[in-house]
Amino acid sequence: MGLITLSHLIITLQVVINTVHGAPSDIQLDAKAQSTHRLDSLNLLSYTLLLILTVLTIWLFKHRRLSFVHETGLAVIYGLIVGAIIRYSGATSQVINMQVFVDETKYNSSLPPDTLSLYMPKPNPSRNLTFQYVFRNEIDDVKENEIDLKATFDPEIFFNIILPPIIFHAGYSLKRKYFFRNLGAILTYAIIGTTVSSFIVGILMYGCVQLMPIRLATSFTFLDTLYFGALISSTDPLTIIAIFNDLNVDVNLYALVFGESVLNDAVAIVLSGSIQHYGKRYQLGTGGFEIKAFFQAVGDFCGIFMLSLLIGAAMGCITALMTKYTRVRDFPLLESALFVLMSYSTFLIAEASDLTGVVSVLFCGICQAHYTYNNLSEDSRIRTKQIFELLNFLAENFIFSYIGVSMFTFPKHHFETWFIIAGFICAAIGRAANVYPLSFLLNLGRHPKIPLNFQHMLFFAGLRGAMSFALAIRNTRSEARQAMLTTTSLIVIITVIIQGGASMNLLKWLKIPVGSDEETEALSQNGGHSVYNSMERGSAGNSTPRSDCNEPFGAPQRPTQNEKALLARVWGSLDSKYMKPLLTHSRPTLLETLPVCCTPLARFLTTTEQLTQDGSNSKRRDSDSDLCIEENDLSINSRINTRVSVYNRVISYCVNGAIRIN
């Protein structure tokens, strides 16, 4: 018995010794995990403090009525300061590095493996430990500080997390009344103008690069400079739009600037993707221009844009149907959650389908505001507006803060002085080519004309922002792409700080009308000028707003139809007769607008709320007097009169609980 007890004691001691031998590795791993967690927390804390400092400074500026720099400029400046502090001060914690030499010839610098498995020896010879590392990017300095690496984010975070709420808010908060009035001009600037600007910048940059030192000239291909032209043609006049809101600048200028910036983000990202497809999918490798590849890339551009648009519009309509035909509005929290999730899923569906989520979520936001918003409960209306306004504010300021920080911490910046100077000059030339020639062509057939001072403001409003930076940072593998990122970051910083800060003085210098009521435009009492009176008078006088569609009898003369875009009038008629009665509780109902033969279907798709609500309640609940199409544009076909009896029977059914259709 004593020998057995002694043997058990020896075995126990061996187990304890083995455990003690294994403990140091666990302790070291725990310490490493704790250090990583601390650095992650410090990184997030730095950006949180940046946003807090930005918010407090914005309040101070508003309280003191200071306007020489905007909030986005403040975010950039604070980001630059924090980035410099992270880079040049504080204790260093070196990244542990181990050199691994690749023997397999199928891997090279252009095609690195996605993951790397390291087989480490273990004291127990029966098996080895395996560690797997995920490819991040190429590094130049293996002695980088770990906080520098932590202060930079995966570029996909911008596209999948930060950009969607910004783009959705742009569509959800769009003032559709003025957007549709200027739809022709906005589409011209956003689609044709952005494309023209991209190619002009690309061609000019390629010419400039060929005049630079041979090392730089050989780094850039023509497709590289075209890609730079596409990403730098994306505008983000957030600063100027905020100033327009504060000063109530002429609503039509606001619509032109904001509408173009919203759409040209979408055009720029699709155009940049088409340029990449031209080089990767279609080009045969000859190095020259190929007609077939060019038209295939053009087809990609049109197809991706339209399919992305359809996905966004379809998801918006599906959400409207869900909120109309269910009673989810009885639970406002669930209703708001459904709204947010359906909107975000639009972006993910488009990206998973190899389309463009930015386009989809933009048009989803427009459709959600146009249709779904009218079906939401009062709590959900307030909540969704405030949620996306808050997310947009935080995301925008975070991006601009990150742009400032990344100038010092991102390891892939490549400063080329001549390329940076050429980038500034060519970007300005491309913006001018977008605004002035197209404005001249638009004014040939447009009434009222776009005055010259508005054109100058459109040119000046071409600030670069979140979309340009996100496109530039997405791929920094080559030296050319690194130079593009550095140039784009500097252009964003300079335009946001200088142009944003000078915009208020420019409004005064250009004598742009201010003080307009952005939503309740009322005609001046002493004249019959139309809603576009400020544009008709050019730079003279202030813009006097006009009331919306429900003007009382005896109000001054309305603007004529040719003052609206033809596309807006056609779509407005279709929308009022069929789309809004189907997707919302608005009047007239489908019983009034569909043919008599479709009465059973119309009755099935018409809710009791649509039939029982009075006209005044409908007008109050419906947010889309925004479209403001003339009554004669939306005239109902004469066959409505033949359907009055059917309509009355349906009302009788709702009230008395009985119906018979002969």
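In this predicted model, T346 touches I311, G312, M315, S360, V361 and C364, leaving out residues up to four places away in sequence. T346 belongs to helix α12, which covers residues 332-352, and the protein as a whole is made up of 25 helices and 2 strands. Of the 662 residues in the protein, 49% count as buried, and among contacts with a separation of 6 or more, 79% are between residues 24 or more positions apart.

- T346 counts as buried because its relative accessibility is 0%, where the cut-off for a buried residue is under 20%.
- The C-alpha atom of T346 is separated by 7.1 Å from that of G357, a residue 11 positions away along the chain.
- D354 is located in the loop that runs between α12 and α13, the latter spanning residues 357-375, and its phi is near 65°, a positive value in a residue other than glycine.
- With a relative accessible area of 48%, D354 is partly exposed.

**The largest nonpolar core**

- The largest nonpolar core has 124 residues, and those with the most contacts inside it are F228, F244, F419 and M457.
- Helix α10, which covers residues 251-282, supplies the largest share of this core, namely 13 residues.
- Once neighbours within four places in sequence are set aside, M457 is in contact with I240, F244, L253, S503, L506, L507, L510 and I512.

**Covered helices**

- Helix α17 (residues 466-473) is largely enclosed by the rest of the structure, because 8 of its 8 residues are buried; they are A466, M467, S468, F469, A470, L471, A472 and I473.
- Helix α8, covering residues 222-232, is mostly covered, with 9 of its 11 residues buried.
- The buried residues of α8 are D224, T225, L226, Y227, F228, G229, A230, L231 and I232, and F228 is also one of the residues with the most contacts inside the largest nonpolar core.

**Helix α15 and its partners**

- Two packed helices are described by the angle between their axes together with the distance between those axes.
- For helix α15 (residues 417-445) and helix α18 (residues 479-510), the axes come within 9 Å and cross at roughly 50°, and the two helices are therefore oblique to each other.
- The crossing in which α15 passes α18 is right-handed, and the contact between them has 8 nonpolar residues, 3 polar residues and no charged ones.
- On the α15 side of this contact are F419, I420, G423 and F424, which meet A483, M484, T486, T487, L490, I491 and I494 in α18.
- Helix α6 (residues 183-210) also packs with α15, their axes coming within 8 Å and crossing at roughly 145°.
- The crossing of α6 and α15 is right-handed as well, and the residues of that contact divide into 19 nonpolar, 8 polar and 1 charged.

**Backbone features in the loops**

- Most residues other than glycine have a negative phi, and most peptide bonds are trans.
- K511 has a positive phi, near 60°, although it is a residue other than glycine, and it lies in the loop between α18 and α19, the latter covering residues 533-536.
- K511 is exposed, with a relative accessible area of 56%.
- The peptide bond from R587 to P588 is cis, with omega near 0°, and P588 is found in the loop between α20 (566-583) and α21 (590-593).

Notes: Residues are numbered from 1 along each chain as its sequence is written. This is a predicted model: local features need pLDDT of at least 70, side-chain atom pairs count only at pLDDT 80 or more; totals for chains, interfaces and linings use all residues. Side-chain values use heavy atoms; hydrogens and water are left out. A nonpolar core is a set of buried Ala, Val, Leu, Ile, Met, Phe, Trp, Tyr and Cys residues joined through side-chain atoms within 4.5 Å. Buried means under 20% relative accessible area, exposed over 50%, partly exposed in between (1.4 Å probe, protein chains only). Helices (H or I, at least four residues) and strands (E, at least two) are DSSP runs, numbered from the N terminus. Contact means heavy atoms within 4.5 Å. Axes are lines fitted to C-alpha atoms, for helices over the stretch in contact, and angles run from 0 to 180 degrees between N-to-C directions. Angles under 35 degrees count as roughly parallel, over 145 as roughly antiparallel, 65 to 115 as roughly perpendicular and the rest as oblique. A crossing is left-handed if the near helix is turned anticlockwise from the far one by less than a right angle, and right-handed if clockwise. Ala, Val, Leu, Ile, Met, Phe, Trp, Tyr, Cys and Pro count as nonpolar, Asp, Glu, Lys and Arg as charged, and the others, Gly among them, as polar.
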